[in-house]
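Hi,

Here is the structure I promised to pass on.

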Amino acid sequence: MVRRPSRRAYIGQWVFLLAVIVVGGLLINTLGANLARRNMTFGFEFLIRKAGFDLPFHLVEWSTFDTYGKALYVSLLNTLLVSAMSVVAATVLGIFVGIMRLSVNWLVRNVALAFVEFIRNTPQLVQIIFWYLAVLRGCGRASSWAVGSC
């Protein structure tokens, strides 16, 4: 049998919702007053201002004279492209490693097992820092192990 909440529970939920709305309103009011005191705007007017910076990679036409809104659009398209490429690469790598794990060859199977366990037991933040420092920044300058390899 399903038990329905009491009237007191409904009243408590409405009081809590009202308190959240009041506190949110006070925070927004304080934010607006502090921004006005510093002569700063509160809103999305900045999206129509000239950006004045370059985006090194863009899928659509971009120049330094475009607006922040267009910069946001170009950046969104870049993010979607990188996300789609990452999904495809992770799927291909996962299928490849999964097939390696099913192999009857002892060496292939254990190499895949070691790869999976190493990746699984390494924190995500450590992997991000590794890929940024060791791989991406290493390609930007001449490194000691391979000049011009990237």
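Helix 4 gives the largest share of the lining of the largest pocket, five residues. Helices here are DSSP runs (H or I, at least four residues), numbered from the N terminus. A pocket is an open set of points on a 1 Å grid over the protein atoms alone where a 1.4 Å probe fits, with protein on both sides within 12 Å along at least five of seven lines, and lining residues have an atom within 4 Å of a point.

One thing to keep in mind: this is a predicted model, where local features need pLDDT of at least 70, side-chain atom pairs count only at pLDDT 80 or more, and totals for chains, interfaces and linings use all residues. Residues are numbered from 1 along each chain as its sequence is written, and side-chain values use heavy atoms, leaving out hydrogens and water.

Back to that pocket: its lining includes F130 and W131. Those two also form an aromatic pair, 5.4 Å centre to centre with 75° between the planes, which makes it edge-to-face. (Rings of Phe, Tyr and Trp, the last by its six-membered ring, pair if their centres lie within 6.5 Å; planes under 30 degrees apart are stacked, over 60 edge-to-face, the rest tilted.) F130 is partly exposed at 45% relative accessible area, while W131 is exposed at 51%. Buried means under 20%, exposed over 50%, partly exposed in between (1.4 Å probe, protein chains only).

Elsewhere, ring pairs link F46, F53, W62 and Y68 into a cluster. There, W62 is buried, with 6% relative accessible area.

Cheers

Note on methods: Helix = DSSP H or I, 4+ residues; strand = E, 2+ residues; numbered from the N terminus.
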